[in-house]
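Please keep the sequence and the 3D view open while reading.

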Amino acid sequence: MALRLFNTASQQLEDFTPLNPPTVRMYTCGPTVYNYVHIGNFRTFAFQDILRRWLAYRGYHLDHVMNITDVEDKIIRGAMAENKSLREYTQQYEDAFLEDSATLRLQKPERIARATEHIDEMVEAIQALTEGGHTYVSEGSIYFRIATFPRYGRLSRLHVEGMQAGARVDMDEYEKDDARDFVLWKAQRDGEPGWDTPLGPGRPGWHIECSTMANKYLGDTLDIHTGGIDLTFPHHENEIAQAECISHKQFVRYWLHAEHLIVEGQKMSKSLGNFYTLRDVLQRGYSPEAIRYRLTAVPYRNKLNFTFADLDAAETAIDRLRNFALRLETGKFKEGKCPEVEARIARARTEFETDMDDDLNTAGALGAIFEYVRETNAAMDSGEFCAGNVEDAKALLSAFDRIFDVLTPTPREGSLSDAEVDALIAERQRARMERNFKRSDEIRDELAAQGIILEDTRDGIRWKRK
RNA sequence: GGCGCGGUAGCCAAGUGGUAAGGCAGAGGUCUGCAAAACCUUUAUUCGCCGGUUCAAUUCCGGCCCGCGCCUCCA
């Protein structure tokens, strides 16, 4: 069965085939680094990570570019307020973003591109648009004239002709001929950082960076372009206009948009006090894996209601999977191979893959995995599961973890080493043999205080870190 | 108003024209020196409401109610 993805452009599920297999050329809209990235942003980035990993699972070779928007109004305001250079100001947040992404185990795109390092290319793009008659100048700034691109609005299905100049306050504070037009190049104003270019002193508009960098690194036509659903309009619409007016080719073949995350049923906003960065959530003691699990367990086209109760549930759900993995490692099973068990594992894998192929139905895929875990646990309890089934069982679990990546606990600093734990356990076992339960319970409590949980199972003692 | 999404057990959530996956929580059980941990079993006569199509609808169609997003800051 082929991978099917929901294309915003067609509003339909489509079979996915890249233009030049096995390479998939993908561009994702990255963060604007004017602050710490919040968990809503990470919902989208986590989706992109799942997409990446599933494409790789399906044998595709990724050529993925993500941008870092490091010049923009809010950045300029922040940098000027702190009396820092643009670079000084953005570097701290870019570093934090990369660190947070690593914490959430988001795979790095093949290339991360900063807007400020592509000014020349953007200038060239704007010049090309000007040559094509798509621009005009107003008060030194250069605008894209939407009237020159008849297909404008097709992606978002918005009736742009209904938007009239003056219908709303012009947030850009610049004069435009038509409210629908958008800025390509902003003229420099007093004290603001800028670049001296053939276009005059100034800085690029937001939209031009993405289409320019995407085309530079991935060619005229990309296979996939993704971002949050709010970027559909106007950002992606504008990217299409820019790119296609220059290349006269289709800019993107598959547009994928992630729905938003809401918090406790409400839109996340600073005024409601439900605005969280990843760091905020980690400080409450939640593991990165639980956050990653929660962010990816709900299929990307559904709204994700982020609650702390659900994070607790995620921690427990991950424990269940880890316990199963531990049982596969440490369990003692009779020799041979049970064909029924083998068949069930194969069926579970098919279900897992079918769900993932179905527009990345992560909830369904997780369902298949948990069902497999329960069935296999039961087979182990009944003695039906054999040593010869271990390899298949492990293979499926690791296939799952290649995508979800939650099984390995994030190490904690300052905890006991494995050897120290083993030594204490051995001492406890001696105490138990001597029926010195006082001492054995002491050791158990001591380990528990260090986050080490002992399990006395029928196959012997085993332990894990909490 | 325009465009779009959703309403499935206490919570999260998948799903199909033939009678409801999975996770968490709850209940029961197994194991154990006691525990803990773990594992197993169990929990929706029902899928927002009302009509219609059909032998059969949660799943298709129409209407209604409710919640939400976007409509040039925004993942």
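A residue is called buried when its relative accessible area is under 20%, exposed when that value is over 50%, and partly exposed in between. The model shown here is a predicted one. Gln 242 has a relative accessibility of 0%, so Gln 242 counts as buried. This residue is found in helix H6, which covers residues 232-247. Apart from neighbours within four places in sequence, Gln 242 is in contact with Leu 129, Phe 144, Phe 182, Leu 184, His 207, Ile 208 and Ser 211.

Asn 35 falls in another class. Its relative accessibility is 26%, and Asn 35 therefore counts as partly exposed. Asn 35 sits in the loop that runs between strand S3 (23-28) and helix H1 (39-57). With neighbours within four places in sequence set aside, Asn 35 is in contact with Tyr 93 and Lys 270. Asn 35 and Glu 94 are 59 residues apart along the chain, while their C-alpha atoms are separated by 8.8 Å.

The next step is the chain as a whole. Chain A has 466 residues, and buried residues make up 52% of them. Its secondary structure consists of 14 helices and 16 strands. Along the principal axes, the C-alpha trace of chain A spans about 90 × 50 × 35 Å. Of the contacts in chain A with a separation of 6 or more, 75% are between residues 24 or more positions apart. The accessible surface of chain A is about 21500 Å², and carbon and sulfur atoms account for 48% of that area.

What about covalent links between cysteines? A disulfide is a covalent bond between the sulfur atoms of two cysteines. The structure holds zero disulfides. For Cys 29, the closest cysteine sulfur is that of Cys 210, at 4.0 Å, which is too far for a bond, because a disulfide requires a pair of cysteine sulfur atoms within 2.5 Å. Cys 386 is likewise in no disulfide, and the nearest cysteine sulfur, in Cys 338, is 5.7 Å away. With a relative accessible area of 6%, Cys 29 is buried. Cys 386 is buried too, with a relative accessible area of 4%.

The remaining topic is the RNA. How many residues are around RNA strand B? There are 59, of which Ala 179, Trp 206, Gly 228, Asn 302 and Asp 381 come nearest. Among the atoms of RNA strand B that come within 4 Å of the protein, 68% belong to sugar and phosphate. By residue type, the surface near RNA strand B divides into 18 nonpolar, 18 polar and 23 charged residues. Helix H11 (residues 362-382) gives the most to this surface, with eight residues.

Several side chains place polar atoms by the sugar or linking oxygens of the RNA. An N or O atom in the side chain of Asn 41 is 2.7 Å from a sugar or linking oxygen of RNA strand B. For Asp 310, the distance from a polar side-chain atom to a sugar or linking oxygen of RNA strand B is 3.3 Å. The side chain of Glu 371 also has an N or O atom 3.3 Å from a sugar or linking oxygen of RNA strand B.

Terms used: Residues numbered from 1 in each chain as written. Chains lettered and ligands numbered in written order. Predicted model: local features only at pLDDT ≥ 70, side-chain atom pairs only at ≥ 80, totals over all residues. Heavy atoms only, no water. Near = heavy atom within 4 Å. Polar contact = N/O pair within 3.5 Å; in protein donor to acceptor, adjacent residues only side chain to side chain. Helix = DSSP H or I, 4+ residues; strand = E, 2+ residues; numbered from the N terminus. Nonpolar A, V, L, I, M, F, W, Y, C, P; charged D, E, K, R; others polar. Buried < 20%, exposed > 50% of the residue type's maximum accessible area, 1.4 Å probe, protein only. Contact = heavy atoms within 4.5 Å. Areas by Shrake-Rupley, 256 points an atom, 1.4 Å probe, with all protein chains shown as cover.
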